[in-house]
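Work through the exercises below in order, and try each task before reading its solution.

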Amino acid sequence: MAEVTLEMIRDAAKVLDGVARRTDLIYAPKLSTYAQVYLKTENLQVTGSFKVRGAVYKISKLTEEELSRGVIACSAGNHAQGTALGAQQRGARAVICMPDIAPIAKIEATKSYGAEVRLIPGTYDDASAYALKTCKEEQMTFVHPFDDPYVIAGQGTVGLEILEQLPDVDAILCPIGGGGLISGLAYAVKQLRPECKVYGVEAAEAASMKASVEAKDKVTLPSANTFADGIAVKRPGDLTYQMVKTYVDGIVSVSEDEIAAAILFLIEQRKLVCEGAGAVSVAAMIFDKIPDLHGKKVCCLLSGGNIDVNILSRVIYRGLQASGRRAEIKLSLLDKPGQLAAVAKIVSSCGGNVIGVNYGPGLVDTALASCVLNLQLETRDFAQIGEIYAALASAGYHVLSNA
């Protein structure tokens with residue numbers, strides 16, 4: 001832990017001046033009814049992610065001999081772009097190893113900075129193993145995405161900015177993947193404002209840091225299957241694990257549906273586009289994961305905005321379902337004229353809107369003259385869905401399921 005110092009973080013801030021953007025801190029009054037919430041918009045950072053801070057600072061500290069051998073990194077996409085940019089600025093060759101499931105937008109953006117991209121089958125951890133092997137074989141200089149003191153110091157500049165922009169902040173919510181961002185941020189914050197709480201937020205399907213802290217030893221997950229690819233890490237770093245144990249006040253996790261709902265909220269209410277990893281802090285606020293925040297002044301860190309447009313529509317739909325804005329109801333009813341109109345009238349009387357209809361024959365254990373009607377509804381919230389469900393049941397319809 002002594003490898004990272006406040007002096008390093010302050011030096012990183014000087015190096016990054018004019019390279020990384022000092023991102024805005026935006027008040028978000030509609031985000032919570034129980035806390036005063038601000039958003040640190042690293043999704044609007046150069047390259048669309050905070051990762052540029054750590055990568056550029058690390059590369060700025062490399063010797064000419066290290067640069068001459070070329071740099072290599074592994075990344076799901078955001079560290080890739082930061083490393084590529086840093087190498088481009090210093091005229092060095094860059095090889096980036098990315099999992100083949102990485103979003104196309106991140107792959108193409110990395111190539112645009114002049115880097116050679118190698119797609120590796122599997123997850124981030126598979127790309128990491130390949131990068132380390134290649135680094136040794138080709139004698140390149142490795143730029144770790146999180147478990148490096150210079151990378152951590154670069155990420156820590158986010159903490160300095162938050163304290164300058166919101167000096168009386170009570171708590172900061174920060175995404176966790178490998179732990180580089182929260183390590184640097186928490187270290188800086190605890191040195192300058194120790195009373196400020198720092199909480200980490202992970203995707204439930206990739207909560208390796210939470211599992212490691214609870215087990216009191218680093219844990220390797222069998223999988224990290226989350227659309228929040230920026231934090232899909234199966235095992236935390238050695239240095240980051242120690243720093244999180246020391247400086248972070250707690251870690252919570254959020255589900256895929258909760259992350260999708262947070263992305264939808266940010267688009268609708270704040271006109272901000274975030275990737276899954278970038279929105280987990282907001283998901284923790286929306287779904288009240290940390291009760292200690294009630295009545296507090298809170299900063300949610302939006303760590304990145306590089307979401308693949310090819311999955312954005314699916315994420316939005318999941319977000320609508322998770323927030324009660326979309327519903328699907330399946331009914332079993334007699335196959336006779338007027339049934340659809342009668343059902344639609346009940347839905348309409350409750351304020352719902354039918355946006356999709358699918359009709360099919362009855363099930364094996366239902367009457368021969370029956371049919372199954374699937375309705376896709378546009379709704380206001382879960383309370384309204386309950387009203388529609390109850391109204392249909394009260395009218396004598398057999399509701400097979402609702403979602």
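**Exercise 1.** How many helices and strands does the protein chain have?

*Solution.* The model is a predicted one, in which local features need pLDDT of at least 70, side-chain atom pairs count only at pLDDT 80 or more, and totals for chains, interfaces and linings use all residues. Residues are numbered from 1 along each chain as its sequence is written, and side-chain values use heavy atoms, with hydrogens and water left out. Helices (H or I, at least four residues) and strands (E, at least two) are taken as DSSP runs, numbered from the N terminus. On that basis the protein chain has 15 helices and 14 strands.

**Exercise 2.** Find out whether strand 8 is mostly covered or uncovered, and trace how the chain reaches this strand from strand 7.

*Solution.* Begin with residues 197–203, which form strand 8: six of the seven are buried, a word that stands for under 20% relative accessible area with a 1.4 Å probe, protein chains only. Next, follow the chain from strand 7 through helix 8 (residues 180–192) to strand 8, a β-α-β crossover that is right-handed, which means that, with the strands pointing away from the viewer, the path from the first strand over the helix to the second runs clockwise.

**Exercise 3.** Which strands pair with strand 8?

*Solution.* Two strands pair if DSSP finds at least two bridges between them. Strand 7 (residues 171–175) pairs with strand 8 in the parallel sense over five bridges, and here P175 has V201 as its bridge partner. Strand 9 (residues 250–254) also pairs with strand 8 in the parallel sense, over five bridges, with G250 of strand 9 as the bridge partner of Y199.

Note on methods. Buried means under 20% relative accessible area, exposed over 50%, partly exposed in between (1.4 Å probe, protein chains only).
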